[in-house]
Amino acid sequence: MGGFLLRKAGAALIVVFLSSVVVFVGVRALPGGPAQALGGENRDPDVVKAINHEYGLDKPLPVQYVKWVSHAIRGDLGLDARQLPVAHTIVTRIPITLELAFLSVLLGSLIGVTAGVIASVRRGRAEDHAATTFALVGLSVPHFWLGLMMIILFAVDLHWLPASGYVSFRQDPLGNLEHMLMPAIVLGTGLSAVLMRQTRSSMLTSLNADYVRTARAKGLPERIVVGKHALRNSLITVTTVIGLQLGALISGAVITEQIFVIPGFGRLTLEAINERDYTLLQGVVLVAAAGYVIVNLLVDVVYSLLNPRIRVTGSGP
Amino acid sequence: MSYADTSPAVMSPRARRRRIVRRRFMRRPLAVAGFAVATAFVLAAILAPWIAPYGPGETDFNALLAPPSAQHLLGTDELGRDVLSRIIWGSRASIEAGVMATLLAMLVAVPIGILGGYYRGKVDAVIARVTDVLLAFPFLIVAVGLAAILGPSLTNATIALGIGAAPALIRIARGETLALREEDYVRAAVANGASDGRIILRHVLPNMSSTLIVQATVLIPAAIIGEAVLSFLGLGVQPPTPSWGVMLADAQSYLSEAPRLAIFPGLAIFFCSLSFNLLGDGLRDALDPRTRR
């Protein structure tokens with residue numbers, strides 16, 4: 001078990017390191033360059049040179065990279081175009097997106113897993129068809145459009161919920177949830193559709209497994225057979241799917257925050273791009289990539305806890 | 001259908017299998033409906049100049065934000081442009097992005113995946129790490145970055161969507177190759193002294209084609225939605241070129257006065273991606289030998 005986790009952690013470290021190289025090179029490939037973004041209209045070569053010198057941009061790329069990474073490890077991602085520390089900006093924005101992601105994963109997995117279990121138990125009946133149709137619609141509907149439709153219905157027409165904006169939970173817990181409800185539903189829909197399909201198919205497999213037949217033969221009530229024996233084993237695959245969906249969740253957060261005007265991490269990414277703020281951009285993308293890798297590492301840990309076979313043999317996906 | 005029943009006494013295994021698949025597909029009404037609607041969208045994209053009642057940029061200043069009428073079946077937008085015509089013209093960007101991004105992803109990912117799965121060892125380890133790195137970048141971030149580097153346009157959005165879809169596809173092609181390598185006919189070919197290239201082209205690639213077809217029908221609707229997202233954010237199709245995403249972005253300013261401007265283009269995206277998803281589900285069931293009937 002320890003060896004397995006160590007190997008996983010080592011692989012994750014390599015991925016984070018390679019990602020940082022990709023981010024660094026990618027940002028250097030952007031047109032204009034940081035000096036022009038900082039100098040604005042002032043294209044005087046001497047000024048550009050001075051700015052380049054001040055930020056160490058006249059040094060060779062590997063030197064710049066090492067400097068950037070060694071600072072990044074210590075939590076210093078440099079100053080953005082407005083001379084604010086990038087790390088601080090990111091840290092203030094992340095909780096907002098984390099709350100949004102948490103609520104949508106909560107909603108998505110509650111709806112998705114419940115619908116998947118019901119569909120598998122009632123296979124071929126009306127409930128199954130309803131759940132399958134729901135998943136198909138959830139996969140096909142463009143989520144940002146769903147957001148616009150919900151704004152039209154619940155904010156413009158019915159005035160039940162605010163159309164956009166954000167209130168922090170500490171200031172006004174109820175207002176915060178009111179503002180977060182629609183975004184969380186929008187972001188959670190796709191996840192719930194994917195999870196419903198995954199839960200249904202792995203439940204169908206486990207419901208046909210020998211241990212379920214044994215449990216039934218022992219005379220255990222169906223509730224315990226489904227809940228304890230079949231569902232537990234299906235949840236293993238479901239955890240992996242949640243980890244794999246994280247990339248989609250981050251992408252989804254960018255556009256959801258844009259539509260509902262939520263000042264989170266996703267909106268920060270778009271701001272960095274639109275304002276051509278290179279230091280900010282490379283910080284944001286690095287944090288996104290590292291976050292993705294870390295969450296998938298955690299998923300691997302949970303997976304190995306749920307699946308004893310991996311712990312024993314040290315193998316597995 | 002009568003000719004289908006007069007089956008020749010001897011059929012090649014492939015022809016017989018194709019017939020079985022077609023028959024199983026035709027037995028699924030939802031899959032057939034998906035196929036029909038998807039075809040309709042593709043035809044609309046190709047035939048836009050002939051079937052759209054108005055040009056995509058044609059303005060009618062006597063009918064600004066007009067509700068649906070006989071002249072304008074779905075009404076007009078804030079510049080008096082016909083919404084139905086713009087949806088028909090907009091299907092071009094969506095279909096182009098959907099198909100081209102999927103083709104690009106296939107061209108990039110399948111050879112890499114096969115290489116990794118076939119040769120295994122160090123090549124595979126390197127490919128697996130690179131795929132992990134690529135997967136760590138959410139597609140929208142990649143797309144946003146590419147749009148920033150190359151400038152926003154439909155082509156660049158398509159490239160971003162294709163590259164974004166590649167890592168997952170690499171994993172699928174790799175997994176398929178790993179499994180196919182162990183098949184008896186591949187071992188037989190190896191024993192016969194067939195070259196690697198011949199084994200890959202004659203045995204591995206054809207046998208993963210059904211998986212790839214199903215993946216394509218999953219990737220196309222994802223890329224269609226992706227294109228709409230990027231155009232909505234101003235990173236894809238640039239106005240005045242019509243695109244469903246651009247129409248939705250414009251509609252945001254009129255959500256209370258003319259909500260239909262946001263409803264219709266979204267419905268187009270929804271039905272277009274739904275049809276490809278239905279088609280894909282039907283194909284997967286029809287191609288999977290494990291599902292009965």
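Modeller: Two residues are in contact if their C-beta atoms, placed from the backbone, lie within 7 Å. This is a predicted model, in which local features need pLDDT of at least 70 and side-chain atom pairs count only at pLDDT 80 or more, while totals for chains, interfaces and linings use all residues. Residues are numbered from 1 along each chain as its sequence is written, and chains are lettered from A in the order in which they are written.

Colleague: Which residues of H5(A) and H12(A) meet?

Modeller: From helix H5 (residues 86-121) of chain A, A:Thr89, A:Arg93, A:Ile94 and A:Thr97 meet A:Phe265, A:Gly266 and A:Leu268 of H12(A), helices being DSSP runs of H or I with at least four residues, numbered from the N terminus.

Colleague: Why are H5(A) and H12(A) called oblique to each other?

Modeller: Their axes, lines fitted to C-alpha atoms over the stretch in contact, come within 7 Å and cross at roughly 135 degrees. Angles between N-to-C directions run from 0 to 180 degrees; under 35 counts as roughly parallel, over 145 as roughly antiparallel, 65 to 115 as roughly perpendicular and the rest as oblique, and the pair is therefore oblique.

Colleague: What classes of residue make up the side of chain A that touches chain B?

Modeller: In the contact of 35 residues of chain A with 32 of chain B, H7(A) gives the most to the chain A side, with seven residues. That side has 28 nonpolar, seven polar and no charged residues, where Ala, Val, Leu, Ile, Met, Phe, Trp, Tyr, Cys and Pro count as nonpolar, Asp, Glu, Lys and Arg as charged, and the others, Gly among them, as polar.

Definitions and conventions:
Helices (H or I, at least four residues) and strands (E, at least two) are DSSP runs, numbered from the N terminus.
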